[in-house]
Amino acid sequence: MTKAIFIRTSFASFNQWPEAPPQVAFLRNLHRHKFNVEVRFSVTEDDRQLEFFMTQAAVNKVLFEKVIPALEKKRTMSCEMLAGLLFSLLEGLRLPVISVSIDEDGENGAIVSA
């Protein structure tokens with residue numbers, strides 16, 4: 001049996017894709033998204049090995065101190081790039097991260113997993 005917990009959070013920001021194909025040329029312009037984030041963590045115990053609120057706070061701290069500033073500096077970051085960055089930063093904190101998914105506006109997104 002495999003056990004995991006997940007936390008969800010979100011943030012609003014802007015990105016753009018200067019090389020977007022003509023069919024989606026509007027993506028070349030800076031545009032706003034609500035980025036939804038889900039992170040799954042491996043656990044081996046049944047009783048709050050990773051407490052939800054504390055784990056969510058740790059994820060939000062990394063998001064707001066590292067990931068969002070990176071996106072604000074480089075507006076061309078994709079969901080794949082954002083998820084990969086968050087995954088790496090959480091691993092660096094020695095959290096048992098399994099996967100990170102980030103979507104745009106609850107529709108389309110990316111998943112990075114171990």
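# Reading the terms in a predicted model

Visitor: How many salt bridges are there by this rule, and what makes a pair count?
Guide: The count comes to five salt bridges. A pair counts when a side-chain nitrogen of Lys or Arg lies within 4 Å of a carboxyl oxygen of Asp or Glu.

Visitor: What should I know about the model before going on?
Guide: This is a predicted model, in which local features need pLDDT of at least 70 and side-chain atom pairs count only at pLDDT 80 or more, while totals for chains, interfaces and linings use all residues. Residues are numbered from 1 along each chain as its sequence is written, and side-chain values use heavy atoms, with hydrogens and water left out.

Visitor: Why are Asp-46 and Lys-3 called a salt bridge?
Guide: Their N to O distance is 2.4 Å. The limit is 4 Å, so the pair qualifies. The pair links distant parts of the chain, 43 residues apart: Asp-46 is in the loop between S2 and H1, and Lys-3 is in strand S1.

Visitor: Why is Asp-46 called exposed?
Guide: Asp-46 has a relative accessible area of 67%. Exposed means over 50%, buried under 20%, and partly exposed in between (1.4 Å probe, protein chains only), so Asp-46 is exposed. Lys-3, at 24%, is partly exposed.

Visitor: Which residues are linked with Glu-38 in a network of salt bridges?
Guide: Arg-8 and Arg-40 are linked with Glu-38 in that network. The side chains of Glu-38 and Arg-40 meet at 3.0 Å, N to O.

Visitor: Is Glu-38 buried or exposed, and how do you know?
Guide: Glu-38 has 13% relative accessibility, so it counts as buried. Arg-40 has 35%, so it is partly exposed.

Visitor: What makes Arg-48 and Asp-47 a salt bridge?
Guide: Their side chains meet at 2.5 Å, N to O. That is within 4 Å, so the pair counts. Both residues are exposed.

Visitor: How do you know that S1 and S2 pair?
Guide: Strands pair if DSSP finds at least two bridges between them. S1 and S2 have 13 bridges, in the antiparallel sense, so they pair. Lys-3 has Val-43 in S2 as its bridge partner.

Visitor: How many bridges join S2 and S3?
Guide: S2 and S3 pair over seven bridges, also in the antiparallel sense. Phe-41 stands opposite Val-97 in S3.

Visitor: What makes a nonpolar core, and how many residues has the largest?
Guide: A nonpolar core is a set of buried Ala, Val, Leu, Ile, Met, Phe, Trp, Tyr and Cys residues joined through side-chain atoms within 4.5 Å. The largest has 26 residues; Val-39, Phe-41 and Ile-102 are among those with the most contacts inside it. Elements giving two or more residues to this core include S2, H2 (79-92) and S3 (97-104).

Visitor: Which residues does Ile-102 touch?
Guide: Contact means heavy atoms within 4.5 Å. Beyond four places away in sequence, Ile-102 touches residues including Phe-35, Val-37, Cys-79 and Leu-82.

Visitor: Where is Val-24, and why is Val-24 called partly exposed?
Guide: Val-24 lies in the loop between S1 and S2. Its relative accessible area is 25%, so it is partly exposed. The C-alpha atoms of Val-24 and Val-37 are separated by 24 Å.

Technical notes
Helix = DSSP H or I, 4+ residues; strand = E, 2+ residues; numbered from the N terminus.
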